[in-house]
Structures are given as C-alpha cells and as structure tokens.
Amino acid sequence: MKFGKLTGYQTTGRQVSLDFEGQRAVITAVTPEIIRVFCGWEEAGSRSHAIEGDKEKPVALEVKQRGKGLFLSTGKVQVTVEDGFAVDFFDETGRPVCQEYRGERRPLQRVSGQQQRLLEEEGHEGARQETMAFEVVKRLTGREHFYGLGDKTGFLDKRHYAYTMWNTDDPSPQVDCFQALYKSIPFFITLTDTHVYGIFLDNSYKSFFNMGQESEEYYYFGAAGGNLDYYYLAGDSLPQVLARYMYLTGTCPLPQKWTLGYHQSRWGYTVQEDMEEVARTMREKDIPCDALHFDIDYMQDFKVFTWNEERYHGDSAAYLESLARRGFKAVAISDPGVKKEKGYPVYEEGVEKGFFAKTPQGEVYINAVWPGDAAFPDFGSPKVRDWWGEKQKFLLDKGVRGVWNDMNEPASFHGPLPDDVVFTDEDRPAPHQRMHNLYGHLMAQAAYSGLKRLDGRRPFVITRACYAGSQKYATCWTGDNHSIWAHLQMAIPQLVNLGLSGMPFAGTDVGGFGSDTTEELLLRWVQVGCFSPLFRNHSAMGTRRQEPWQFGDRAVEIYRKYVKLRYHWIPYLYDLFWEEERTGAPILRPLVYHYEKDETAKTCNDEFLFGDRILVAPVVEQGKDKRLVYLPEGEWYDYWSREKQTGPCAVIKDAPIEVCPIYVKAGSVLPTMEEMAYVGEKEPETLTLEVFPGEGEWEHYLDNGEDFAYREGRYHQYRFTVDKTGAVQVEILHGGYEKPYRHIYADCMGEKTEIL
Ligand code: GLC
C-alpha cells in the first residue's frame, strides 16, 4: 500500500483529513493526549469492539502547514505528518517521542518459495511468510523498553522479540520463541530514558509486532487485513499511559469478593464423589477455599448447557446447594462448540435460527472440539449474544456462580477454521479472518450480559481468549501451562504484562496444568499464586494430582500458610480492585510501573509489586533456598522479620521452602481480614490494620461484595493516615454502607490499639 505525496488536507474540529497521492487518511485528536491515526480501506462504518461509547474530550487542535508537511498540536502532543503518511509524535515542548523510521528496511533473510513449502509441509510454522495489508515502522533510538502485548511468553521487556496476534490454542509447552498464545491485545507501552507512550492498534485481523527483533534501528507493527487504525497515547508516566488505554477500552469492574478467594480445580473431578472429597478435605485440612470448578465432565457428552445428572446422583442442583451451604461456589466450564446432534435443542435451535458460523456456501460450518463434530455460535451477532446470554439461565438454575469460558480462540481439532468461514460483525457478514481474535471477547460479552440481566450479581466470567477491552466482561487465566519451573518463572512477566495490557484480573494454573508437578514446584507456585488476582490450582487429566495433600503434611502446612496469607490480605486486594475500576491501575505490577527511572526495575522478571505497598520476590528456581532480592528506592520492611532495609539495594534473603520473601513499604496500612474458611463465613465487624511505620495513607473500601448497590453509593470509604511513629488516624470519606465496621484496630509491630 502506497501513500505517496501529501497533496492536501482539511480540518474539521478535532479531525484532519489528509489526501495523499494514493490514499486518504485521517488523524483525530480524541483527547489532548490521545491521537488516532487512521486509514481505512475496509468498509466504512465497521466499529471497534475494544472501545465502546464516545471517548472524545474537548480539544483545541491547532493545524498548520510546516515545510513539506503538516504540524498539529493539542497543547499536550505535537504531531507532524509528511509524505508517505510518515507520522511523528513530539511532547508538548517539541521534543521527539515516537518517530517514523525513514531509513532502509532490512528484513531478515527468508527462505525461498520452494524451501518454504517444504518447511511448511514439515510443520515449521515460523517459516511462513505473512503478507501484511499495512505496516507502521517506527524508529528505535536504542533505549526503548516495551511492555504489554497481552499474554505473550518470554520476559517482561518485549524488546528484541516478535509476536503475532492470532488467538492460538497450542498445548505444547510454551517457550520464549512462541509468537502467539490465546489472547490478542495489540497494545504496548514504550519506555525510553526521557519519555513514555502507548500504541494501541485497534485491528482484529492477524497482526504482527516486531519489537526490534529484525533490526536495532526500527520496530514495526502491521496486520494482514483491516484498517490502519492506531492510537498514540501520551503521558508523563507508565501509570498515566496505561490509564489512558483503560479510559479508551474500559476498566475491569469490581468483582464479587468471594472470587478473590482460593479456587480448586482439576480436569478429572468427574463425579460428585471426586468433588466431595476435595470439598471435605479442604475444610478438614483447614485450607480456606471459595470456589470449586466443574470441568467438561459435568456435561452430558460435552454438550454445552447440559448436566450429566447420573454423575450427581440425579440431582446436581441439590449437590451445588449443599456445597453452597458450606461456602463453596460452583464455577462451570462453558465451551462454544455446540455438538452437532439431532435432537439436541441447543444445536437445533442454533441451526434453525441461523446462529452458527457458515461456510461461504451458506451451510453450517462444522469442525470438531470436545463433543466431536460441532458448530460455532456466531457471537458477532447481537442476537446470538442475547441467545447465549439467556442460555446462562441453565447454569444459574443449577446454582452455578461463575462461568468459565474455554476453547474460545476458537480452538478446533480438525485444523484451523478456514479464513472465509462467514461470521457476523454486528450487522454485516464478516470473514473468520476478522472475527477470529474477537471470538472469545464476544463470547465473554454474551455471558457477562446474560448473567448480569438474569442474576443481578456482579457476573463472574473467566475467559481464555481475549481481545483488547475484554477486561470489561471477564477475568482470564493464561491457559494450558505446564508443571515446569520455566512456566512458574514465566508466570510473573505474563501476569504483569497482562496487567499492563488492561487485563488486571488474571491468574495462571497454580501448580501447572500439563505435565506432573512436584511438591517443591507446587509450594513455590502457591507463593506466587496467592498474589495473583485469580488464584486457582488447576491440572490436566492424566497428570499427577496436585491438591496439596497429595504431597503429605508438610506440603499442606506450607500451602495453607500461603492460602491463609491470601485471605488475610483480601481487604487490601479488594481495595486494589476498587482503585482499578476507577483508574485502570493493575493489581500485580512490575517494579518498573512505580520505579520507571530505575534501571534494574526495567527488566526485573522475578519480582513484582502487589499494589504499590507489597513487593514479592518469590523463589522460582528448583533447589534454591536463598535469593537475591532487589529493593527499589524507599524504606522496606521484611514482612517476616520486620527488619528494615533502605533501597535501592540488593539483599540476600534466606528462603527455605516455607518462605516467600515479601517486603512492605514503610508508611503502609494494610487492611486485613480475620481468619475465615471462605469469604463471607462471618460478617466483617472488625477490621485490623497491619501498620508499617512511615508516612503514608491508604484508602479502604467496603461494600456488600456482591451486587451493584455500590454504584448507588452504598459503600463505605475510609482513609487511614500513618506517621513515622506508627500512629494511625481514621477518616470516613463516604458512609453509604449499611454494615460498616464496629471496631477498627491498628496493629503496629505486634502492638494493637483500637482506633475506631
Ligand atoms: C482446555 C483448558 C483446560 C481444561 C481442558 C478441559 O485445555 O485450557 O483448562 O481443563 O480444556 O476442559
């Protein structure tokens, strides 16, 4: 695609239309800090699935001709546009931030056509040469670090790597050179020595991000189809840039409080007795637990919206009710592939109403998933989403409290769906190429809206596949990892990068899904898992069982310690979600999020921040009983010994298997929960604050943890202020919750005083 010379332009308010010799393009100042760059050759009117509603804010856009090109300024961002649609971004003082690369491209040496065919026949995916509808090539100055890009494998900093956005279910152990996983979030944040900015490519086709893997001089992104449509997001800091992305694509709504508890799962709890044994042992061994997950075996022949009652003594609803009485919430898996079977109502209804994806000839398109031959609901159609939403009633009626959407890339066992399978994009037909990366997103939207309508509580939907903006509808997990140390290590960059990609509510399968776990790996994993927003132990059929008691008493004791620590800090975690809903700030954060001038923080892969108060430096290597902990600037307390350290510094911490090194920032007031077997076992009448002397404050949030009453003001908001002596002051900022705390205590290094 060639733009050629810039031949003219017209300005209308916030928008500048640009005429090039070969194309027309548009630049829009959405807000003073958000600039949209667009050139559309797909039909007009196709709408974004990531951005909902009007995001425009008042902008006074100045536009003038400068040299051979155009100069635009919002007062916050300056932009120049030149021939060839070269777009450069500058800060408000005119210093360059993100510039077009104007040098020569040096693509990596590729194989010949014939060699490529041979390699492809042998299954060498990487050898394929992709064609792009457009590419945007930006200059590297040498000091860029890249963050975000969703769930990609590898490390925190994405510099020097290349990725593809194409939702992919590949069960083989994921390694650094994997280009695609389950999620497509075409957003990244660039940090240089002087600036930080974000780029969001809102294009759902297969897209490519080469972050300097091809060259030290440039990076590029592009897509196989669709429009050139990206947003440049300016900001003074990483949190600000991320907040702007969250402003565009939406934040993750406050979840029900119990979802922050511990979840136990396994593909292999096939009958009621299996579930019951887990439920009973959880309570017997005094390991707090809120949720039990029902994997595909609860269904009749893997048919979605059915229940194999035989496996539940003829009355699954009664069993779920018995679990609920004991504080266990049932989460049930829901796969999109609808079994092709005569007489199965979901299939027949879908065929009759034309709700499944079709072949170009108009037949229902069939591929295979768990139930065998299956049809694929066309979630791009609002009617299909409503239909699927209504179907959630089946699960709710059984007593299910959360819906776990799986296989929604969509996965298919008889090879990938052909590019030309016909879906719907709202009101028009659209090819698989365009809808593929949106499939999981739209399925989550369908389930979320249905549950919200039918149940009234905050819907709890887990999804494997995502697109940008899926955080509005679902939490996610990272899919089928393996019980290998490399995947425990990868969990940290993966989860923090998901947070920087707008998916704050995420988790990995604790203990590892595929392959056999070991006691040591499981115990080290729970020490990371207990800080993950979604905290679930899950494993695959046929692998070694990985409930903690499979490994004896010592394992149970250590496992319990960390599950209890999770519950201890649920009020703090819930506060983080409250903050996230308002600002988009992630729950798990890489060190660089708060310490962006710190060189060590920029590439720190094995530590993370839980909110801004708690730093976790888990052991993620087999056989290690000590580790080097890096502490950024500020004063930190060792959580276990209360010893104080002044950062930046590195300390050697003894970390035998029962110890996960944890540090709390001086000036912290951490709200805690009294011991409970599950969230809501007791009404929280008393709040105890864990105090770490220093100057600081904390805003604490309390509501019924379940429905949307908080949006009508029915919540309490407290502010705690602490000083160097550890004395704490309380203020009530908002008093709308009907059951506020009766007592508040401050516990400063073991000394407890009542403060309210
Ligand atoms: C997929 C999911 C996994 C699940 C399995 C069976 O592999 O990722 O979590 O257990 O399917 O449903």
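This briefing walks through some strands, cores, single residues and a ligand site. The structure is a predicted model, in which local features need pLDDT of at least 70 and side-chain atom pairs count only at pLDDT 80 or more, while totals for chains, interfaces and linings use all residues. Residues are numbered from 1 along each chain as its sequence is written, and side-chain values use heavy atoms, with hydrogens and water left out.

**The ligand site**

- Welcome to the ligand, which is surrounded by W267, D295, I296, I333, W370, W404, D406, R464, W477, D480, F513 and H538; a residue is listed there if one of its heavy atoms lies within 4 Å of the molecule.
- In the side chain of D295, an N or O atom lies 2.5 Å from an oxygen atom of the ligand; a polar contact is a pair of N or O atoms within 3.5 Å, and within protein one must be able to donate a hydrogen and the other to accept it, with residues adjacent in sequence counting only if both atoms are side-chain atoms.
- The side chain of D480 has an N or O atom 2.5 Å from a ligand oxygen, and for the side chain of D406 the distance is 3.0 Å.
- On its own the ligand has 310 Å² of accessible area, and the protein covers 98% of this; the areas come from the Shrake-Rupley method with a 1.4 Å probe, and for residues only the protein chains shown count as cover.

**Nonpolar cores**

- The largest nonpolar core has 193 residues, and F294, F531, W569 and I614 have the most contacts inside it; such a core is a set of buried Ala, Val, Leu, Ile, Met, Phe, Trp, Tyr and Cys residues joined through side-chain atoms within 4.5 Å.
- Buried here means under 20% relative accessible area, exposed means over 50%, and partly exposed is in between (1.4 Å probe, protein chains only).
- Apart from this core lies another, of 43 residues, and F3, I35, L72 and Y219 are among them.
- Not counting residues up to four places away in sequence, F294 touches M275, W307, Y312, L320, L323, A330, V331, A332, I333 and W404; contact means heavy atoms within 4.5 Å.

**Strands and their partners**

- Strand β16 (residues 207-210) is covered on both faces, with S207 and F209 buried on one side and F208 and N210 buried on the other; strands (E, at least two residues) and helices (H or I, at least four) are DSSP runs, numbered from the N terminus.
- β16 pairs with strand β12 (residues 162-165) in the antiparallel sense over four bridges, and A162 stands opposite N210; two strands pair if DSSP finds at least two bridges between them.
- Strand β17 (residues 218-223) is also antiparallel to β16, again over four bridges, and G222 in β17 stands opposite F208.
- Elsewhere, an open sheet of three strands has the order β22-β24-β23, with antiparallel pairing.
- Its edge strands, each pairing on one side only, are β22 (338-339) and β23 (366-369).
- β23 and β24 (residues 372-375) are joined by four bridges, and V369 has G372 as its bridge partner.

- Q527 sits in helix α10 (residues 519-529) and counts as buried because its relative accessibility is 0%.
- The side chain of Q527 reaches the backbone oxygen of L523 at 3.3 Å, and Q527 touches I558, Y562, I657, E658, V659 and C660, leaving aside residues up to four places away in sequence.
- E599 belongs to helix α14 (residues 599-602) and is partly exposed, with a relative accessible area of 42%.
- E599 and D193 are 406 residues apart along the chain, yet their C-alpha atoms are separated by 9.7 Å.
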